[in-house]
Every structure is written in C-alpha cells, then in structure tokens.
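Hello,

Here is the structure we talked about handing over. My notes follow below it.

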Amino acid sequence: MSDDLSSRFRALWDEIAPVGRDAASGGYLRYALTGTELELRAWFRAQAQRRDLPVTGDGNGNLFAHWGDPEGSDAVLTGSHFDSVPHGGAYDGPLGIVSAFLAVDELRAAGVTPTRPLVLAAFVEEEGARFGVPCLGSRLLTGALDADRAAGLRDAAGVSFAEALGDRPAGARPELLGRFGAFVELHVEQGRALVDADAPVGVASAIWPHGRWRFDVVGEGNHAGTTRMADRRDPMLTYAFTVLAANKEARLRGAHATVGRVAVEPNATNAIPSKVTGWLDARAADPETLTGLVDAVRGKLAERARRDGTEVTVTEESVTPLVAFDGGLAKRLATLLGAPVLPTGAGHDAGVLAAHLPTAMLFVRNPTGVSHSPFEAATDDDCAAGVRALARVLEELTCR
Ligand code: GLV
Ligand code: MN
Ligand code: MN
C-alpha cells in the first residue's frame with residue numbers, strides 16, 4: 001500500500017533519475033568525477049544545504065554532510081555512493097544517499113534530536129568502473145590504499161585520479177575516521193534472498209572475500225588468411241580457454257568467477273590479435289576457497305599459454321578480505337526491525353570501513369534480483385520501508 005513516504009521517496013528520486021541515464025539501454029553511466037557524477041555531487045550539496053547540513057570533504061573525493069558538530073566525536077555515519085558500473089542500475093549506491101536524506105527528514109518530523117552527530121556520506125569511485133580499484137574513496141580514507149598509488153591510477157582515456165580530483169588525494173585521515181563511532185550503509189539487495197524471505201528489508205551478516213585480477217596475454221599479430229593454423233601464437237585462444245577454466249573451477253568450488261571485461265589489440269576481424277587482456281572477478285565464501293580458485297585459474301592460464309606459445313602476466317588489481325559485520329550490531333538491528341540477516345557476494349564501502357568501526361548494512365528488496373544491469377529494481381513502497389528502517393536504526397544509534 002503506497003503512503004506519503006513512498007510519494008516523498010518518488011519525488012526526491014525523480015530529481016536524480018534522469019542524470020546519466022542512457023536512453024538506449026535504460027542503464028546509467030555515472031563514472032566517478034565525470035559530468036554526471038559531479039552533477040549528483042552538486043545535488044548532494046544542495047540537499048544538504050536545504051536541510052542546513054554543512055558539507056565537508058576529506059581530500060580524497062568523499063563528501064560528508066553534518067547534522068551536529070562536524071568536529072564532534074562518536075558520530076554515526078550513513079550513506080553510499082553515486083557512481084555506477086557501465087549501464088548499471090539506478091539503485092546501486094544512490095538509494096543509500098537518497099534514503100539518508102529522507103531518514104533525516106523522518107527524524108526531524110518526529111522531533112528526534114540526536115545526542116550523537118549524524119553524518120551523511122557520498123563515497124567516491126565505489127565501483128572502480130573508472131580507475132579500476134573498487135571502494136577507492138573509502139580505501140583512501142582508511143589508509144587501505146596508498147595515496148600515491150591512487151593518484152597514479154588512470155582511466156581508459158589516460159586521465160589520472162589526481163587529475164580528475166584536481167589534486168593529489170589526501171590519503172589516510174585517521175583523525176577524521178576516529179570521529180566516526182558507527183557506519184550504516186543502506187543498499188539495494190543484489191540478489192533474491194529478500195524476495196525468497198518475503199521481507200522488504202534485511203540486515204547484512206558478511207561480505208564474501210573477493211578481488212580483481214588482470215591477465216595480459218601477448219601473442220603474435222598476423223594475417224587471418226595467410227597464417228597457417230600451426231604457425232599461430234594466438235592470445236585469444238589462451239584468453240578463451242582461461243574464461244572457460246575460470247567458470248569450471250568456480251563451479252567445482254561453489255565460488256563465483258566472472259570475466260566481464262576484455263580488451264583486444266588491434267581488435268580487427270581479419271587479424272590474429274597481438275594482445276588480449278581480460279579481467280577476472282573472483283569471489284568465494286571464505287579466503288581459502290578464493291585463493292584456491294585464483295591459483296587454479298592462474299595454473300590453467302600458464303598451462304594454456306605454453307601450448308599457445310603466448311606470454312602471460314597476471315596483475316592483482318584489488319583484493320577485499322572476508323568482512324564479517326559486527327555480529328552484535330547486526331543482531332540488534334535485525335531484532336529492532338524484525339528483519340532477516342543475510343550474507344552477500346557484493347562489495348561495499350561498508351566492507352572497507354568495517355575494519356575500523358562498528359558497521360552494519362541494510363538491504364532493500366530487489367524484485368528482479370538483478371544488479372549491475374538496467375534491470376535492477378525496487379518498488380517505491382520497499383524504498384519507503386528502507387527509509388523507515390534506516391530512520392529507526394539512526395534514532396536507535398544516535399539517541400542511545
Ligand atoms: C560492487 O558493486 C561489487 O561488488 O563489485
Ligand atoms: Mn555495485
Ligand atoms: Mn553499491
């Protein structure tokens with residue numbers, strides 16, 4: 001049943017819905033620090049201003065809007081990210097930010113005055129779709145990623161992160177991080193667990209360990225019509241075999257392996273490629289299984305390269321260890337909300353911050369169960385239920 005909060009959610013949601021939407025695919029192109037994401041960051045500032053929440057930055061591209069003293073300690077942090085994967089869904093990230101503003105409205109309308117500062121966050125480059133490293137902003141803030149390495153990361157056009165940011169990133173900010181006493185990220189669910197549980201909202205228990213490995217396969221570019229089959233050193237064969245091997249090795253272990261990105265040189269129909277680069281995204285419920293999976297794929301890649309006469313280099317681009325969210329906090333929130341607790345295979349800034357402060361995640365039901373795709377979905381009523389849940393959680397944490 002739709003209510004007033006559903007309508008207010010829709011009204012605020014409609015303000016950002018057109019930004020970065022690709023009319024052909026229906027998905028979003030909101031890469032960090034590009035025009036569309038900058039527009040959303042301006043929207044964040046405007047929403048904060050509308051609510052008298054001063055905005056600060058951390059020198060890494062992350063934005064914070066403060067209800068309460070910006071220098072205050074033991075603050076409760078909530079928020080998510082604006083950036084998307086190529087042709088991603090509308091909800092992955094922005095739902096957590098829009099819900100944070102609406103939760104503030106709910107608390108104010110109920111006359112709640114927090115005794116701890118409340119901080120709303122927009123983290124930069126969560127997807128890693130532009131500069132390759134996911135959760136770039138939260139990794140920088142926490143010191144999980146070196147500022148010099150981040151500064152030098154380049155997008156497909158050769159623009160560095162430092163250039164896009166307009167400055168060298170500040171890197172670890174322990175004094176700022178030390179002011180946060182808890183973090184709660186609300187996010188659209190990226191699977192069907194809440195559909196199966198018939199629940200609009202859930203609480204996260206853990207994030208699978210996961211990472212990204214780039215494999216560069218170099219062969220010999222040559223003519224498709226005149227090069228004898230026996231004389232070829234074709235990196236596409238090594239690449240193709242590796243994709244199939246990764247799928248098989250993941251299935252054997254109950255893990256996940258995906259190769260969703262490939263670059264071919266020179267990318268001509270009538271030329272054997274000189275180089276193929278693939279990106280392996282691997283995830284598993286525990287670190288041993290993940291290591292076993294990646295080692296097995298590396299082994300298959302090397303073996304196949306020997307047969308093909310190609311050369312391979314494997315580069316680890318990012319690894320996120322297993323995240324077990326604060327069990328006591330998850331249980332407390334699940335009891336408060338009467339919500340189920342579930343693990344996820346998706347990465348989040350909450351996973352990075354969980355190593356430093358008590359952290360929890362709320363998930364909002366996604367009827368399609370699809371994400372990183374235009375078919376990602378959430379109903380306005382479920383989003384309103386998410387806002388209500390977030391407001392209850394923030395009241396519980398800021399007024400204890
Ligand atoms: C982030 O959405 C990830 O899990 O890749
Ligand atoms: Mn995502
Ligand atoms: Mn996300």
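Which domains does the domain assignment of the chain give? Domain 1 covers 5-208 + 322-399, and domain 2 covers 210-320. Those bounds come from an automatic or database domain assignment.

Conventions first. This is a predicted model, where local features need pLDDT of at least 70 and side-chain atom pairs count only at pLDDT 80 or more, while totals for chains, interfaces and linings use all residues. Residues are numbered from 1 along each chain as its sequence is written, chains are lettered from A and ligands numbered from 1 in the order in which they are written, and side-chain values use heavy atoms, with hydrogens and water left out.

**Between the domains**

The C-alpha centres of domain 1 and domain 2 are 33 Å apart. Contact (heavy atoms within 4.5 Å) takes 13 residues from domain 1 and 12 residues from domain 2. The buried area is about 1100 Å², with 48% from carbon and sulfur atoms. That is the accessible area (1.4 Å probe) that two parts lose on being put together, summed over both. R139, W208 and L322 supply 53% of what domain 1 buries against domain 2, more than any other three residues.

Polar contacts link 6 residue pairs between the domains, both residues at pLDDT 80 or more. A polar contact is a pair of N or O atoms within 3.5 Å; within protein, one must be able to donate a hydrogen and the other to accept it, and residues adjacent in sequence count only if both atoms are side-chain atoms.

**Around ligand 1**

The residues around ligand 1 (a heavy atom within 4 Å) are E126, E127, R283, A346, G347 and H372. Polar side-chain atoms reach oxygen atoms of ligand 1 from R283 at 2.8 Å, from H372 at 3.0 Å and from E127 at 3.1 Å. The protein covers 94% of the 190 Å² of accessible area that ligand 1 has on its own (Shrake-Rupley method, 1.4 Å probe).

Best wishes
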